[in-house]
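Hi everyone, thanks for making time. Let me walk you through a structure that may be new to you.

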Amino acid sequence: MFPEYDVIVVGAGHAGCEAAAAAANLGSKVLLITMNMQTMAQMSCNPAMGGVAKGQIVREIDALGGYSGIVSDRSAVQFRMLNRSKGPAMWSPRSQNDRMQFALEWRRMLEQTPNIDFLQDMVVGILNKGDRVTGVLTSFGYNIESKSVILTSGTFLNGIIHIGEKQFGGGRVAEKASRGITEQLVELGFEAGRMKTGTPPRLDGRSIDYSRMEEQKGDSNPSKFSFSNTANLSRQLSCWITYTNNDVHETLKTGFDYSPMFSGRIKGVGPRYCPSIEDKINRFAEKDRHQLFVEPEGWNTVEVYLNGFSTSLPESVQYKALTKIPGLENVKMFRPGYAIEYDYFPPHQLRLSLETKRVNFLFFAGQINGTTGYEEAACQGLMAGINAHRSINDLPPIILERSEGYIGVLIDDLINKGTDEPYRMFTSRAEYRILLRQDNADIRLTPIAEKIGLAKEYQTFRVKQKMNYIEILIESLKESKVDPNDVNAYLVSRGTTPLQERSTLFNLILRPQLTLYDIYSNLELDKIYKSILPEDTTLRNEVMEQAEILIKYDGYISKEREIVSKMKRLEDIPIATNFDFQKLRSLSTEARQKLSKVKPQTLGQASRISGVNPSDISILMTFLGR
Ligand code: FAD
């Protein structure tokens, strides 16, 4: 009934969908097996993509040929560029999305991708011959053969849902938990752990009094995620802001005795940076209010998501507390919030390619690796899809370096530092964040996608064209001089000192009060630049923005590049796969243990393992003959 596949992807969440698309677009014959085809690419929690550091990841996925950026743009109801008032390294795109349209768009794109077959079924175990995976076993009793398997089971492995004292099995509310896989992998020698996460109640928008809340509109000139020709939003929905108060807190406290978190019924570790409302009240007792975002679930529904009010307290307590929040006095709940506990596999058991060290051609991606968030899952799926395809074709894996992308940072952190609480991305995790900006994700990564055959023709053409335009523009700005008589009134109006003599436009752009776009619009430079800049407005704006960033931040960018090249020398020193760290007695005991566990492939990777000190690295360096 089934042919032998090149890649079987288990689970059609954010990781699974990207994995299937990437492997299929590279030419692999893919089978995507998921428990429920109606919930493909389901946003389990908030209907939003991107945000601080996560937005950079979506742009990187798009630049590499993944689909998340396109799907997000096509299903967006609001778009904002966060942190605009800070430097460009911090600018982070975020969209509010139509939950149903997001899932639908993903399914449509996958169904239109050649080389993907679909099966609605539950995988209950992997098939293996010795240390090599050979396929999967499903709950319908199918043995399906495959050269490689990618597990992306999200929050479903032995999932338990908690609401107050109620507790039942499930991978998400109203969806079955997945059973069998953890037990089998543990038998094969894998180590498994337990984590937890939670979600807020969903509300009936018709019962909300928005006049008591602050409106949060989208950007007036909304941008978008994808570098392709997806449309910018022409209309947007607003979000709303309200706050908890002491009355809300006191009401919530009446449920603490029944809380699965405080009673110890939940054993898994939760996300530190996405705490439940009861956790916030407990941990930040001095705060008399917490901000809540009231977010629309889509164009065609009145359902509303209450961001910031994640909870697993009894439904009656949730409801009572909600009615004490300004604007929610008459609220109706569509469904209560809940917490979920699930199995994950500590990621030190993976190689940087996301292939497991124990079973060859078996890959893990997404929440199964201890991460949290759609973007974190999607980018791992993309890399696992690429590397599964490459491994079965005897090609070396694609491993992004920390200086190449947030995706590289995320995977490197997971494997070298491990994680014992749900890992989410922050800009502070990246040491080269001036290089890893959202605006240059295409310039950084599309050439890699081109090299491996994942970039579409238009993508590579556009990036080359853009780089060309930027270079010409910068050169021309260095040459074009302006006269004080022509520009001084404008300079004074922008609060910057007038010129005494002729100056290049390049020098003017260095001034913090001025932007290239503002100069261009106000000094009527379009006459000069018409022939230099692209006609397409989106591309023109991108070229101007890039040129300006490269001019203004040149010092910082060059310095960071210098550090990268110094580190690269360390990075490139290989360590043999069978290197016996235990025999190197001059290493500290902790370093020996950690190095033996992680088995780093290069000295650079070894240097980032927590517990491995610079002195251990010099010992290794000497031993390796450097
Ligand atoms: P998922 O999106 O969970 O998808 C897994 C897929 O695999 C599902 O389609 C499932 O049906 C399928 N599957 C599982 N096992 C099998 C099997 N054996 N056979 C076949 N198919 C299988 N993230 C945040 O960033 N912030 C939050 O506040 C937050 N809260 C959350 C609250 C809840 C209640 C839940 C459930 C998740 C929350 N998340 C949150 C996490 C976010 O949803 C995940 O990080 C993201 O969806 C993970 O993507 P994934 O692809 O790894 O897995």
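I'll start with the whole chain and then turn to two local spots.

This is a predicted model, where local features need pLDDT of at least 70 and side-chain atom pairs count only at pLDDT 80 or more, while totals for chains, interfaces and linings use all residues. Residues are numbered from 1 along each chain as its sequence is written, and side-chain values use heavy atoms, leaving out hydrogens and water.

The protein chain has 21 helices and 22 strands; these are DSSP runs numbered from the N terminus, helices being H or I with at least four residues and strands E with at least two. Of the 626 residues, 58% are buried, meaning under 20% relative accessible area with a 1.4 Å probe, protein chains only. The C-alpha trace spans about 80 × 70 × 55 Å along its principal axes.

Now, how do helix 2 and helix 10 pack? Helix 2 (residues 54-63) and helix 10 (residues 406-417) meet at an angle of about 110 degrees, with axes 9 Å apart. The axes are lines fitted to C-alpha atoms over the stretch in contact, and angles run from 0 to 180 degrees between N-to-C directions. Gln 56, Ile 57, Glu 60 and Ile 61 of helix 2 make the contact with Tyr 406, Ile 407 and Leu 410 of helix 10, contact being heavy atoms within 4.5 Å.

Last, strand 4 (residues 76-82) has six of its seven residues buried. Strand 4 pairs with strand 5 (residues 92-97) in the antiparallel sense over six bridges; pairing needs at least two DSSP bridges. Leu 82 has Ser 92 in strand 5 as its bridge partner.

Note on methods. Buried means under 20% relative accessible area, exposed over 50%, partly exposed in between (1.4 Å probe, protein chains only).
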